[in-house]
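Please keep the model open while reading.

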Amino acid sequence: MTSHTSVRWKAAPFLFISPFFIAYAIFGLYPILYGFWLSLMKGTDSYEFAGLSNYLFVLKDGFFWKAMWNGTKLALGSLFLILPVALGVSLLLNRPYISKKKGFFATFFFTPNITSAVAVGIIFKLLLERDSGVLNGLLGVFGVEPIGWLKDPAWTIPALIILCAWKYLGVNILFFLAGLQNVPNELIEAAKIDGATARQRLWYVTMPLLMPIMTFIVFQCLLGSYGMFSEAFILANSGFGPENSLVFPTSYLYDQAFRRQDFTYSSALGYVFTLLMLVIGFIQLKMFNLKNQEQ
């Protein structure tokens, strides 16, 4: 083998993996770097260097923090309402007497997740209508006055949580079911022999072993809540809802970039939002690691 052929053989692996890196450079790295460059500029038609002024303006922008607060409320609703229900259903599906039908129920609950977000938004917009919506009709049977789900700012986030519960309950059930498969039956049986009650087995055996998948599920939940866009956008008639109660960081970013054509400020919004999500994710990981160590 000549030296020229040897060089070609050594270069061959790099040639085969190069399409991935070329595609990443064009569609991943370049937008990231260009977005950062834009965030340091000002202007719409021609750009001038503005330093960190866009970032300082984001930190003082009450509308952005309103969007973050709405994301926090949705995240709390998802964490304390949707995830416990998903965990309860997955525990039920994991019971021996129902495990044979687990596939059917998993498919049943997962189906809403593959439905288009726009279609879901339109359907729930009709269901949540104050005067003609099905939900108010059902509540009226019990004597509850019609609720302005999409008109009253106090009810818009609960309305969105109902939508998210319907759409994302199934995928969270699947995640929990996957985690439950890693809980050895021997441990459960040993705990039973030692006299542990069902609640003690859940808290001291099952939950610690679910912690790795729980970390992933909670982060997904936080990311989805703060990054909410399509469903809230449809419910709010392509706006921000009454008293901006349905504005989220991504919809605000979209508004600045594609309606106001202010790409420099929207880039800064995107970077600040990303940094905040990294901080939230880091805090969550620390909290879960501490809990693991305590257990």
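Which residues do ring pairs link into a cluster?

1. Ring pairs join Phe229, Phe233, Tyr254, Phe258 and Phe263 into a cluster, where rings of Phe, Tyr and Trp (its six-membered ring) pair if their centres lie within 6.5 Å, and planes under 30 degrees apart count as stacked, over 60 as edge-to-face and the rest as tilted.

2. This is a predicted model, in which local features need pLDDT of at least 70 and side-chain atom pairs count only at pLDDT 80 or more, while totals for chains, interfaces and linings use all residues. Residues are numbered from 1 along each chain as its sequence is written, and side-chain values use heavy atoms, leaving out hydrogens and water.

3. Searching the whole structure gives 18 aromatic pairs. One of them is edge-to-face because the rings of phenylalanine 36 and tyrosine 271 have centres 5.5 Å apart and planes at 65°. This pair links distant parts of the chain, since phenylalanine 36 lies in helix H1 (residues 3–39) and tyrosine 271 in helix H12 (residues 263–294), 235 residues apart; helices (H or I, at least four residues) are DSSP runs numbered from the N terminus.

4. Phenylalanine 36 is partly exposed, at 39% relative accessible area, and tyrosine 271 is partly exposed at 23%; buried means under 20%, exposed over 50%, and partly exposed in between (1.4 Å probe, protein chains only).

5. The rings of phenylalanine 57 and tyrosine 265 have centres 5.3 Å apart and planes at 70°, so this pair is edge-to-face. It links distant parts of the chain, with phenylalanine 57 in helix H2 (residues 53–60) and tyrosine 265 in helix H12, 208 residues apart. Phenylalanine 57 is exposed at 52% relative accessibility, whereas tyrosine 265 is buried at 4%.

Conventions: Helix = DSSP H or I, 4+ residues; strand = E, 2+ residues; numbered from the N terminus.
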